[in-house]
Amino acid sequence: MPHIINVSGLSKTYKSGFTALRDINLDINRGEIFALLGPNGAGKTTLISIICGISSPSGGTVIADGFDIIKDYRPARSKIGLVPQELSTDAFESVWATVTFSRGLFGKAPNPEYIEKLLRQLSLWDKKDAQLRELSGGMKRRVMIAKALSHEPEILFLDEPTAGVDVELRRDMWDMVRELRHRGVTIILTTHYIEEAEEMADRIGVIRQGKILLVEEKQALMEKLGSKQLNLHLTAPLPGIPETLAEFNLQLLQEGSFLSYNYDSRQNGDGVARLLRSLSEQGIEIRDLNSSESSLEDIFVSLVHKEQ
């Protein structure tokens, strides 16, 4: 799949001596939804700021749809829309004026039909004449998205797009992101809501202390690093785990009434079959059983802790 963004050897060190990014190498595929996950201070916003031409790198290169973000700043920047984490709008401007003005900043000819369509898609049409100070936080967030899309970019960055919005609005925004991707827009989002990445992303990158820990397709990541858990409800409580079952590294829970068995999701199930045979041979009867699988949040927390 062709790349629309190429980041090579990117680094950022501030005058204070703090290094925010360390030799970042990252390719974003055209038309994908890419989620960048990381704890606070990991470098997510710094990376986005550099790609969007807001901040200058200390080293390395960024190519956006064939244009160097420094040497070809204007054409590169015209390819990119950014919805920043912080809401910053002119409180006394109307919604229509704000979005129309943003389009003009990129040298785009007026297109009232497109602006109307955009505002309708974002459920802002009935607010088009309202001043921004009159809007709720969620509606202001929608205006920021409309501004970012006003010049019809091919790349859209969403920095914590649903921070502080209610669940219903969050779902609406997820639907909008999927529609944009369907139209060919490449979406890069940072988020603290792991379920957003699990719900929407095609690929996931994890960043910590200015370094990319991994980039992987979502499903492959969960299959590679996820674990499964088998929970066994016993007919009769056990006082302890028999030594003959030591190889399975079981946990005895709820006063001996439950056994918990964790195993690698890449296994073919032989471990589970052997465990069940061993329990039968020991005369340990099972009343019920169920299995569960690691979520993306479990994997993310595991990765970050592993690197500490």
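Let me start with two helices: H3 passes H5 in a right-handed crossing. Helices are DSSP runs of H or I with at least four residues, strands are runs of E with at least two, and both are numbered from the N terminus.

Before going on, a word on the source. This is a predicted model, in which local features need pLDDT of at least 70 and side-chain atom pairs count only at pLDDT 80 or more, while totals for chains, interfaces and linings use all residues. Residues are numbered from 1 along each chain as its sequence is written, and side-chain values use heavy atoms, with hydrogens and water left out.

Back to H3 and H5. Their axes are 8 Å apart and the packing angle is about 30 degrees. That angle makes H3 roughly parallel to H5. The classes are these: under 35 degrees is roughly parallel, over 145 roughly antiparallel, 65 to 115 roughly perpendicular, and the rest oblique. Axes are lines fitted to C-alpha atoms, for helices over the stretch in contact, and angles run from 0 to 180 degrees between N-to-C directions. On the H3 side the residues are Val95, Thr98, Val99 and Ser102, and they meet Val143, Ala146 and Lys147 of H5. Contact means heavy atoms within 4.5 Å. Sorted by class, this contact of H3 with H5 has four nonpolar, two polar and one charged residues. Nonpolar covers Ala, Val, Leu, Ile, Met, Phe, Trp, Tyr, Cys and Pro; charged covers Asp, Glu, Lys and Arg; the others, Gly among them, are polar.

Helix H5 (residues 137-149) packs against helix H6 (residues 167-182) at about 10 degrees, with the axes 11 Å apart. So H5 is roughly parallel to H6. This crossing is right-handed. From H5 come Gly138, Arg141, Arg142, Ile145 and Leu149, which meet Leu169, Asp172, Met173, Met176 and Leu180 in H6. The contact of H5 with H6 has six nonpolar, one polar and three charged residues.

Next, H3 and H4. Their axes come within 11 Å and cross at roughly 125 degrees. H3 is therefore oblique to H4. Val95, Trp96, Val99, Thr100 and Arg103 of H3 make the contact with Pro112, Tyr114, Ile115, Glu116, Leu118 and Leu119 of H4. By class, H3 with H4 gives eight nonpolar, one polar and two charged residues.

Now the aromatic rings. How many aromatic pairs does the count come to? The count comes to two, where rings of Phe, Tyr and Trp (its six-membered ring) pair if their centres lie within 6.5 Å, with planes under 30 degrees apart called stacked, over 60 edge-to-face, and the rest tilted. Trp96 and Trp125 form an edge-to-face pair, 6.1 Å centre to centre with 70 degrees between the planes. This pair links distant parts of the chain, 29 residues apart: Trp96 sits in helix H3 (residues 95-105), and Trp125 in the loop between helix H4 (112-121) and H5.

Strands pair if DSSP finds at least two bridges between them. E6 runs parallel to strand E7 (residues 155-159), joined by four bridges, and Ile80 stands opposite Ile155 in E7.

Arg208 stands opposite Lys211 in E10. Their hairpin has two residues between the strands, and Gln209 takes a positive phi near 50 degrees there.

The other sheet is open too, with four strands in the order E2-E1-E4-E5 and antiparallel pairing. Its edge strands are strand E2 (19-29) and strand E5 (67-68), each pairing on one side only. Strand E1 (residues 3-13) and strand E4 (residues 59-64) are joined by five bridges, and the bridge partner of Ile5 in E4 is Ala64.

Terms used:
A crossing is left-handed if the near helix is turned anticlockwise from the far one by less than a right angle, and right-handed if clockwise.
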